[in-house]
Amino acid sequence: MAVNGIEDALKIAKIFQLEGEFVYVSIVRNGHINDTYSYQTSTNHYIIQRINKNVFHKPDEVMENIKNVTDYILEKVKARNGDVLRDVMTIIPTKDGKLFYIDENDDYWRVYIFVEDSVCYNKPTRPSMFEESGRAFGRFQRDLDGFPAENLHETIPHFHDTMARVEQLKEAYKNNKAGRADEVKDLYEKYMKEAYLADFFAKVAKEVPLRVTHNDTKLNNVLLDKYDGHALCVIDLDTIMPGLNAFDFGDSIRFGANKGDEEDVEHAALDIEMFKAYVKGFLDGCQGSLTPKEIDVLVEGAMDMTFECGIRFLADYLNGDVYFKTSYPEQNLRRATSQYLLLMDMEKHKEEMHKIVDSLK
């Protein structure tokens with residue numbers, strides 16, 4: 001591969017059905033998984049990506065999922081006279097009609113149409129921004145209501161299997177590969193007292209529909225209109241899989257309604273105004289497509305995703321920081337501690353959170 005990837009993107013562009021004459025190409029440095037390039041022609045703007053096959057071992061299944069889901073959403077967008085170029089992602093095929101191209105290094109490449117006049121943000125700075133994020137993910141659920149989720153490939157097996165994550169933490173604590181078990185004994189025992197959430201959702205899974213879930217519902221995976229801030233479409237669809245709606249909702253809250261960031265121990269707490277804003281947008285976007293039971297467990301979904309993410313950080317710390325990227329030795333421990341403190345604050349506000357959901361449903 002070329003050092004900066006630009007030469008590769010130029011070669012790859014010639015293989016896909018792009019319109020117009022080449023103007024420029026540049027590296028897009030947002031995102032931590034795939035290599036992304038902005039490719040401008042005289043008539044169109046495209047996004048070229050090399051899929052990270054170290055994360056996604058079967059890129060062909062990833063692309064099949066994305067194609068089936070975006071085709072389904074496109075029909076819903078057309079039915080409501082929406083903007084087919086801004087309200088859903090558009091895959092550009094290769095010149096021989098394929099969804100992706102495999103180069104001489106066995107790297108997988110794909111191309112999307114760039115959504116014009118759109119922006120995305122890493123963290124919400126005001127409730128109205130988070131409300132629009134909720135509206136986008138709610139509409140994503142509504143548009144895919146009726147899609148046979150069981151037909152999707154599971155691109156990362158057991159990704160939100162909380163029970164399996166608990167067992168992984170127990171194993172990490174027992175094996176103590178990094179020699180850190182004594183240091184985290186107190187935090188480990190505190191987390192084990194919250195493991196009831198895994199049992200709770202094991203039962204809930206039998207009572208709610210299997211949905212198409214995004215599984216990475218952070219604000220930066222929603223495109224907003226550059227001028228008025230309204231939600232356009234959900235992006236980064238690589239982790240689309242069958243799952244529970246509460247987990248998508250919960251991961252949004254865990255990340256976006258935290259007063260601090262994932263490793264900010266000093267400020268880890270629930271921002272109740274951000275929570276309320278997201279619930280309002282999310283339920284508005286869903287427009288009645290959720291069952292009463294799904295709505296009833298949204299709060300627990302936020303708690304479970306905070307718990308699950310926290311024990312993953314802690315397990316990785318015990319294993320020697322082999323999964324999550326770290327820039328200093330205690331980073332995963334701070335992440336795990338922050339998530340635990342956020343979970344405890346959610347426990348304190350649980351009744352208030354339920355009342356907010358009930359008032360907006």
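Ala, Val, Leu, Ile, Met, Phe, Trp, Tyr, Cys and Pro count as nonpolar here, Asp, Glu, Lys and Arg as charged, and the others, Gly among them, as polar. With that in hand, here's a quick tour of the holes and rings in this predicted model. A search of the whole structure turns up two cavities of 30 Å³ or more, and there are 16 aromatic pairs.

**Cavities**

- The second largest cavity holds about 40 Å³ of space. Its lining splits into six nonpolar residues, one polar and one charged.
- Lining that second largest cavity are Phe201, Val204, Val208, Leu244, Asn245, Ala246, Glu294 and Val297. Helices α6 (196-204) and α7 (245-256) are the elements that each put in two or more of these residues.
- The largest cavity comes in at about 120 Å³. It has 14 lining residues, and Ile73, Asp87, Phe140, Cys233 and Val234 are the closest to its centre.
- Two or more lining residues of the largest cavity come from each of α2 (59-79), α3 (127-143) and β10 (231-234). The top contributor is α3, with four residues.
- By class, the lining of the largest cavity has nine nonpolar, one polar and four charged residues.

**A pocket**

- The second largest pocket has a volume of about 500 Å³. Of its 24 lining residues, His160, Asp161, Gly243, Leu244 and Phe247 sit nearest the centre.
- At least two lining residues of this pocket come from each of α4 (162-175), α6 and β11 (241-243). Helix α6 has the largest share, at four residues.

**Aromatic pairs**

- Tyr173 and Tyr188 have ring centres 3.8 Å apart and planes at 5°, so they count as stacked. This pair ties together distant parts of the chain, with Tyr173 in helix α4 and Tyr188 in helix α5 (residues 181-192), 15 residues apart. Both tyrosines are buried.
- Tyr278 and Phe282 are stacked too, at 6.0 Å centre to centre with 15° between the planes. They share helix α8 (residues 272-286) and are four residues apart, about one turn of the helix. Tyr278 and Phe282 are both buried.
- Those two also belong to an aromatic cluster with Phe130, Phe249 and Phe275.

**Charges over rings**

- The charged end of Lys123 sits over the Phe255 ring, 5.3 Å from the ring's centre.
- Arg180 lies over the face of Tyr317, 4.0 Å from the ring centre.

Key
Residues numbered from 1 in each chain as written. Predicted model: local features only at pLDDT ≥ 70, side-chain atom pairs only at ≥ 80, totals over all residues. Heavy atoms only, no water. 1 Å grid on protein atoms, 1.4 Å probe; cavity = no way out; pocket = protein on both sides within 12 Å on 5 of 7 lines; lining within 4 Å. Points joined across faces, edges and corners; volume = space filled by probe spheres on them. Phe/Tyr/Trp six-rings, centres within 6.5 Å; stacked < 30°, edge-to-face > 60°. Buried < 20%, exposed > 50% of the residue type's maximum accessible area, 1.4 Å probe, protein only. Lys NZ or Arg CZ within 6 Å of the ring centre and 35° of its normal.
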